[in-house]
Amino acid sequence: MSKRVRSREVCADCSAPEPRWASVNRGVLICDECCSIHRGLGRHSSQVRHLTHSPWPHSQLQMVQTLYGNGANSIWEHSLLDPSSSVSGKRKANPQDRVHPNKTEFIKAKYQMLAYVHRMPCREDDSVTAKDLSKQLHSSVRTGNLETCLRLLSLGAQANFFHPEKGNTPLHIAAKAGQILQAELLAVYGADPGALDSSGKTPIDYARQAGHQELAERLVEIQYELTDRLTFYLCGRRPGKCSKSVNHSCSFALEECIQYNHQFEELAMDVYDEVDRRETDAVWLATQNHSTLVTDTTVVPFLPVNPEYSSTRNQGRQKLARFSAHEFATLVIDILTDAKRRQWGNSCESPKDNVELILQGIDGHHNSEGQDNDQPDYDSVASDEDPVQEATCGDKSSDLSDGPITVQEFMEVKSALTASEAKIQQLLKGCSLEGQSTVLENDYDTTPNHSEMEETAHQQEEGEEDATLPCTEDVICKTEQITKNIQELLRAAQETKHESFLPCSEKICMAVTEMAALFPKRPSSETVRGSLCLLTSSASRLHRECQKAAEHNLSPSDIQLVTQQVIQCAYDIAKAAKQLVTVTTKENNN
């Protein structure tokens with residue numbers, strides 16, 4: 001999209017100029033402040049991506065831009081277009097409104113309650129049912145009118161509706177007609193590329209038979225999205241793609257691997273959502289102005305509650321945020337390994353054994369020592385009331401807290417899967433993940449060396465804990481300096497300028513050292529101590545990884561793996577710096 005067109009774009013929610021984010025499933029562009037609220041709603045309400053810093057499938061980005069350009073926002077604000085709405089007190093948010101409560105209340109009403117969507121008149125004799133809407137959707141997807149299909153979906157049409165007379169789904173029709181943007185929209189709303197028609201054919205078969213090879217390949221990518229996304233999170237590339245052919249030798253559709261175990265399917269989908277939260281959080285932290293991040297912008301410390309899920313499942317989803325990068329990567333490897341085992345059809349004594357072992361490290365510690373049994377393990381209204389406060393108010397929601405998940409406990413779960421070691425090696429070999437567990441253990445081992453331990457012990461003997469904190473403005477200034485250097489590093493990663501990694505890491509390490517020097521050697525706050533530990537250890541890991549990138553004998557797969565680790569370290573540094581800004585601001589304002 002040209003700069004001239006982009007200059008005319010405004011946020012769909014508050015009309016702020018030059019929005020930098022998109023809500024994929026709503027077909028709108030949004031500004032940073034409104035995006036912070038969208039993120040707090042959860043992916044079930046709004047799936048957000050940065051227009052330039054997030055990876056986009058070309059056709060998906062084109063779908064969003066087409067919807068936005070054709071006025072898709074009027075679907076969500078239909079009743080506000082009525083002049084009488086201003087008389088009744090209804091109004092759209094504007095850029096000058098406060099994030100809380102003004103913009104938050106408007107956006108929740110707009111997307112969660114669908115308060116402004118046009119409702120078709122219903123009478124007892126001709127009420128419009130979901131089946132009727134789905135049949136209309138089935139007919140509409142053969143055309144290029146995306147807004148009509150989005151309107152039908154917003155009213156309750158089902159993307160996976162099986163037409164009893166036609167014997168297929170809307171995605172079959174879109175694939176046959178070559179409507180790749182319609183296919184993207186249907187997929188965002190849950191359409192299954194592997195769904196069978198009455199003759200046993202999938203939408204992928206329809207696209208190939210009609211000669212729409214590009215659409216067929218995109219549908220294959222969508223079918224393997226979950227496992228491909230998890231693999232990309234680990235090693236920085238999607239598996240099994242060679243030239244223009246799609247050969248997923250190491251990819252596999254989740255539906256093929258379930259083998260009637262719904263519990264495993266839920267776990268895999270929850271881990272996918274957590275990967276999305278972490279990756280979006282990394283982009284968010286790298287693109288924000290830290291002077292306004294704390295006071296005006298929402299943070300999302302864990303997955304928001306999905307009202308369609310049980311309280312137990314929501315609890316487990318939120319505990320995923322407590323996993324360190326090492327622990328979470330190990331969990332992702334276990335998910336991929338078990339899914340691959342299921343696809344191969346390998347037998348096990350009990351089909352639930354491996355799943356229960358994996359889940360044991362997430363939600364099997366309700367009565368663990370030191371935990372208050374009368375206190376809920378998760379917030380039933382996560383990110384709804386005061387997410388900034390929740391992120392700093394204690395151990396319940398902090399990534400650095402001493403929650404029920406420990407490295408030892410999780411590694412015990414890991415060791416229980418040794419029976420599948422041969423299959424792990426085959427999976428790792430196909431995905432260029434050889435040595436991933438060893439690399440991650442080395443990269444994310446925060447155990448200090450002997451000199452660091454001696455220095456720490458010496459500091460502990462020097463004096464009492466110090467409750468003083470530096471000036472908020474100084475912390476923000478250093479954080480912005482760190483963020484600027486991280487952005488430079490991320491640009492080098494995007495442009496594959498690996499020779500720039502080491503100079504960038506040296507700048508980041510220097511800025512981190514200067515920021516750490518602002519704080520007392522023995523801060524009394526556990527949150528500050530944990531954040532400083534994460535900040536400095538991540539900077540050290542980053543420097544080591546950038547030194548690896550400077551080596552000349554690395555293979556392309558090794559370079560991709562190092563790049564992914566560099567990005568993860570940069571994310572941890574930005575997260576720790578954000579937490580220090582948050583804590584300092586809160587304490588100095590009290």
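Hi everyone, let me start with Val117: at 7% relative accessibility it counts as buried, where buried means under 20% relative accessible area, exposed over 50% and partly exposed in between, using a 1.4 Å probe and protein chains only. Before I go on, a word on the model: it is predicted, so local features need pLDDT of at least 70 and side-chain atom pairs count only at pLDDT 80 or more, while totals for chains, interfaces and linings use all residues. Residues are numbered from 1 along each chain as its sequence is written, and side-chain values use heavy atoms, with hydrogens and water left out.

Back to Val117, then. This residue sits in the loop between helix H6 (99–112) and helix H7 (130–140); helices here are DSSP runs of H or I with at least four residues, strands are runs of E with at least two, and both are numbered from the N terminus. What does Val117 touch? Leaving aside residues up to four places away in sequence, Val117 touches Ile75, Trp76, His78, Ser154 and Leu155, with contact meaning heavy atoms within 4.5 Å. Take Ser154: Val117 is 37 residues from Ser154 in sequence, and their C-alpha atoms are 8.0 Å apart in space.

Now to the helix pairs. H7 and H8 pack at an angle of about 160°, and their axes are 10 Å apart. Axes are lines fitted to C-alpha atoms, for helices over the stretch in contact, and angles run from 0 to 180 degrees between N-to-C directions. H7 and H8 are therefore roughly antiparallel to each other; the cut-offs are under 35 degrees for roughly parallel, over 145 for roughly antiparallel, 65 to 115 for roughly perpendicular, and oblique for the rest. From H7, Leu133, Gln136, Leu137 and Ser140 meet Thr148, Cys149, Leu152, Leu153 and Leu155 of H8. By class, that contact has six nonpolar, three polar and no charged residues.

How do H8 and H10 pack? Helix H8 (residues 146–155) and helix H10 (residues 180–188) have an angle of about 15° between them, with axes 10 Å apart, and these two are therefore roughly parallel to each other. On the H8 side, the contact is made by Leu146, Cys149, Leu150 and Leu153, and on the H10 side by Leu181, Gln182 and Leu185.

Last stop, the annotation. In the model, the end C-alpha atoms of residues 166–198 lie 9 Å apart, and the span is 52% helix and 0% strand. Thanks, everyone!

Conventions: Ala, Val, Leu, Ile, Met, Phe, Trp, Tyr, Cys and Pro count as nonpolar, Asp, Glu, Lys and Arg as charged, and the others, Gly among them, as polar.
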